[in-house]
Amino acid sequence: MTTSTSTPRITVLGSLNIDLVAYVSHHPLPGETMTANSVAVSPGGKGANQAVACAKLSRSHTSSSSSSFAEETAHITMLGTVGADSYGSLLKENLAKHGVDVSGVRVLDSPPGAKTGMAMIVVDEPTGQNRIILSPEANHFLQPEHVSEVAHLTSSGAAQEKPDLLIMQLEIPVPTVLQALKTAKQNGVQVLLNPAPAVPLPDEAFDGLAHLVVNETEAAILSGLEESVLDTEEGLEKVGKVFLEKGVKTVIVTLGGRGVFFMTGGGEEGSKKGLIKAEKAKVVDTTAAGDTFVGMYALEVVIAAKKGEQFDIEGAVRKANKAAAKTVERLGAQDSIPWRDELL
C-alpha cells in the first residue's frame, strides 16, 4: 500500500432537510393531543448530518466565538438537492459554515414550487428517544442521471479529483443510490452505505460494498431475519454472515445502549469480529447520533488509507462510539455533533 500526502476526500450523497423538532414529556399516544415543552427549527437530513459530522470531526474549532478552523484532515463534499426557498439557503449556509464543500448541492428551479425536504421530529425528553416523520420533497428530484459518471461524485470546482470514500443513505431515491453504487464500483471508489430508512435492496447493492453500517431494525429488514435474532452475539454473527456472503467487506451493527457489533470478511488481514460496549453518556437527544458515528468511522477509514496504514476497525469503532456519545448529550442534530478537539 502506498502513502499519499494529499488530503483524503469524502463525498456524501444524500438528503438535506429542515428539522422541526418538538420536545415533549412523553411520545403522544394514538389520538392524543399534547403541548410541547419547546420547539426548534434546525438544519438536518441524514446526508447533511453525515457531511457535517465528517467536517466537524476532521477539524478543531479554534474558538467558540470564531468561525475559523484548524487545518482539515479530510475534504468533505456534499451532493444533494434543495428547494429554491429560505430553508434551502439555510441548509447550504450551515454546511459551508462547518467547512463542507457545497458546490455539488443543486437548487431546484423546477418544478415550480419545489420545496426543501423536511423532517418532523418528536423527542421524548425523559429518555432522549425520538420519532421521525420525513417529507423528502426536493430530495426525490435527485435522479440516477445525476450520478452516472465519476465526475458527478466530485465537487464542481476546478479540481475534479474522485473521492476516496462515498457515503450514502436511503433518504434519496433508491434507483439513484443503486446508480451511484454502480458508478463508484466502476471507478474504484469505496462506498460506505448507511441504508436508512431501510428498504429491501437487490443483492447487487451489497456486492463489493466496502462498509455497511446498520442499526438493529435495518439489519433485520435487509438480512431477512427476525430482529430478535440480534439479541445475542451468536445472532449478530449470523446476521453479519448474511451480508458478508452477499459481498460486503465490513459489517457494522449499531445497538444503542448495547454498543456496536462489527464483522469483516477474510481478505488479506483475516476476518475480525467483536462487540464493543457503548460509551457511558447522559442521554438528552439521540438525533444525529448514528450520523456522528458514520462520520467519525468514515474519517478513520480514509485517513488510514492515505497514510498507507492497516485499518484498525476496532479502534475506529471505539472512536466513533465516543463521538456519538458526545452527540446524545446535546440537543439538536448538526449543532450537537462535536468538533475533533472536543474528543481529546
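Student: Why is Asn139 called buried?
Tutor: Its relative accessible area is 1%. Buried means under 20%. Therefore Asn139 counts as buried in this predicted model.

Student: Where does Asn139 lie?
Tutor: Asn139 is in the loop that runs between strand S7 (130-135) and strand S8.

Student: Which residues does Asn139 touch?
Tutor: Leaving out residues up to four places away in sequence, its contacts include Gly14, Ser15, Leu16, Asn17 and Glu171.

Student: Glu171 comes up there. How do you know whether Glu171 is buried or exposed?
Tutor: Look at its relative accessible area, which is 12%. The limit for buried is under 20%, so Glu171 is buried. Glu171 sits in the loop between strand S8 (165-168) and helix H3 (174-186).

Student: What makes Glu171 and Ser15 a polar contact?
Tutor: Their side chains are joined at 2.4 Å. The cut-off is within 3.5 Å, so the pair passes. Beyond four places in sequence, Glu171 also touches Lys46, His140 and Pro197, among others.

Student: Which UniProt annotation covers Glu171?
Tutor: An unreviewed UniProt entry lists Glu171 under "binding site", with Asn17, Gly47 and Asp291 among the other residues. Of the listed residues, Asn17, Asp19, Gly45, Lys46, Asn49, Glu171 and Asp291 are in the lining of the largest pocket.

Student: Why is Gly47 called buried?
Tutor: Gly47 has a relative accessible area of 0%. That is under 20%, so the word applies. Gly47 belongs to helix H1 (residues 46-57). Its contacts beyond four places in sequence are Val12, Gly14, Ser15, Met78 and Gln169.

Student: Is Asp291 buried or exposed, and how do you know?
Tutor: Asp291 is buried, because a value of 3% falls under 20%. Asp291 is part of helix H6 (residues 289-307).

Student: What makes Asp291 and Asn49 a polar contact?
Tutor: A distance of 3.1 Å joins their side chains.

Student: Why is Gly256 called exposed?
Tutor: Gly256 has a relative accessible area of 58%. Exposed means over 50%, so Gly256 is exposed. Gly256 is in the loop between strand S11 (250-254) and strand S12 (260-264).

Student: How are two packed helices described?
Tutor: By the angle between their axes and the distance between the axes.

Student: What are those values for H6 and H7?
Tutor: The axes of H6 and helix H7 (residues 313-327) come within 8 Å, crossing at roughly 145°. The crossing is right-handed. Phe293 and Met296 of H6 take part in the contact, as do Ala320 and Asn321 of H7, among others.

Conventions
Residues numbered from 1 in each chain as written. Predicted model: local features only at pLDDT ≥ 70, side-chain atom pairs only at ≥ 80, totals over all residues. Heavy atoms only, no water. Helix = DSSP H or I, 4+ residues; strand = E, 2+ residues; numbered from the N terminus. Buried < 20%, exposed > 50% of the residue type's maximum accessible area, 1.4 Å probe, protein only. Polar contact = N/O pair within 3.5 Å; in protein donor to acceptor, adjacent residues only side chain to side chain. Axes fitted to C-alpha atoms, helices over the stretch in contact; angles between N-to-C directions. Left-handed = near helix turned anticlockwise from the far one by under 90°. Contact = heavy atoms within 4.5 Å. UniProt positions renumbered as here; feature names shortened; annotations may be inferred. 1 Å grid on protein atoms, 1.4 Å probe; cavity = no way out; pocket = protein on both sides within 12 Å on 5 of 7 lines; lining within 4 Å.
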